[in-house]
Amino acid sequence: MKSIKTNIANFVTSLNLLCGSFAIYFLFRDELMLAVYFILAAAVFDFADGFVARLLHVKSEMGKQLDSLSDVISFGLAPGIAMFLLLERGLDFWDTGLPAYVAFIAFIIPVFSAWRLAKFNIDERQTDHFIGLPTPANALLIFALVPLTLGKGFPSWLPWLDSLPYFILHPAFLVPVTLVFSYLLVSPLPLIAMKFKTFGWSGNSIRYVFIILSLIFILLFYFAAVPFIIILYIILSLIDLFVKRKKQ
């Protein structure tokens, strides 16, 4: 019976990997919005597998390793390819004088993602918080740029954002984003883990505040909300750290 329960959680994890693989396929097919939707689905399954494991009271070393291997594909390789394609388009569109091989800097994303996931697997401190930006958050940020560069995902009540896609495609924006967020993956920055041991307000207040504000941002700004949500996540994590240290 326990084996069946464990495999249910592993099956959900495998759906994360499957969606990440589909996202890569559609990136190569230049069906970029489909790739975005599959990464969103991968993120849902990545959250759901932990929820299912806790619900069924199952935890296995195989599940832990399968989760990290799936994340390397969905939230490491896939966003690396997405950033590479964005940089290629940006270098073609903007006359920067930079050589075409600058786009290959995007592949530090899967390298740093794999490094971050390997550290997570051997770091016993990361139970109720993360150390470094989680790979799904980094991947969602990068994939949120895709519809924005296509002129999609903007709220109609903000027409002044119509020129934003051209600036997002500029290598002067994409290269720093690649470098900064790759560093954040392996940085010592403590961040809250979105893991609910109970569903009460006590002990989860910062998580509920984050979820509520994130939903408000999404309703207001659509895909353009994702960068604000990542920044909000970092700010709330620092506030949570400050409050805990003050109590101690």
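Author: Helix H2 (residues 32-56) packs against helix H5 (residues 135-149) at an angle of about 160°, and their axes are 10 Å apart. Helices (H or I, at least four residues) are DSSP runs numbered from the N terminus. Axes are lines fitted to C-alpha atoms over the stretch in contact, and angles run from 0 to 180 degrees between N-to-C directions. This is a predicted model, in which local features need pLDDT of at least 70 and side-chain atom pairs count only at pLDDT 80 or more, while totals for chains, interfaces and linings use all residues. Residues are numbered from 1 along each chain as its sequence is written, and side-chain values use heavy atoms, with hydrogens and water left out.

Reader: How are H2 and H5 oriented to each other, roughly parallel or roughly antiparallel?

Author: Angles over 145 degrees count as roughly antiparallel. H2 and H5 are therefore roughly antiparallel to each other. Their contact (heavy atoms within 4.5 Å) includes Ile39 and Leu40 of H2 and Leu140 and Phe143 of H5.

Reader: Which residues have the most contacts inside the largest nonpolar core?

Author: A nonpolar core is a set of buried Ala, Val, Leu, Ile, Met, Phe, Trp, Tyr and Cys residues joined through side-chain atoms within 4.5 Å; buried means under 20% relative accessible area, exposed over 50% and partly exposed in between (1.4 Å probe, protein chains only). The largest core has 58 residues, and Met83, Leu133, Phe143 and Ile230 have the most contacts inside it. Beyond its neighbours within four places in sequence, Met83 touches residues including Ala106, Ile142 and Thr178.

Reader: Where is Ile105 found?

Author: Ile105 lies in the loop between helix H3 (61-93) and helix H4 (108-122). Ile105 counts as partly exposed because its relative accessibility is 25%.

Conventions. Helices (H or I, at least four residues) and strands (E, at least two) are DSSP runs, numbered from the N terminus. Angles under 35 degrees count as roughly parallel, over 145 as roughly antiparallel, 65 to 115 as roughly perpendicular and the rest as oblique.
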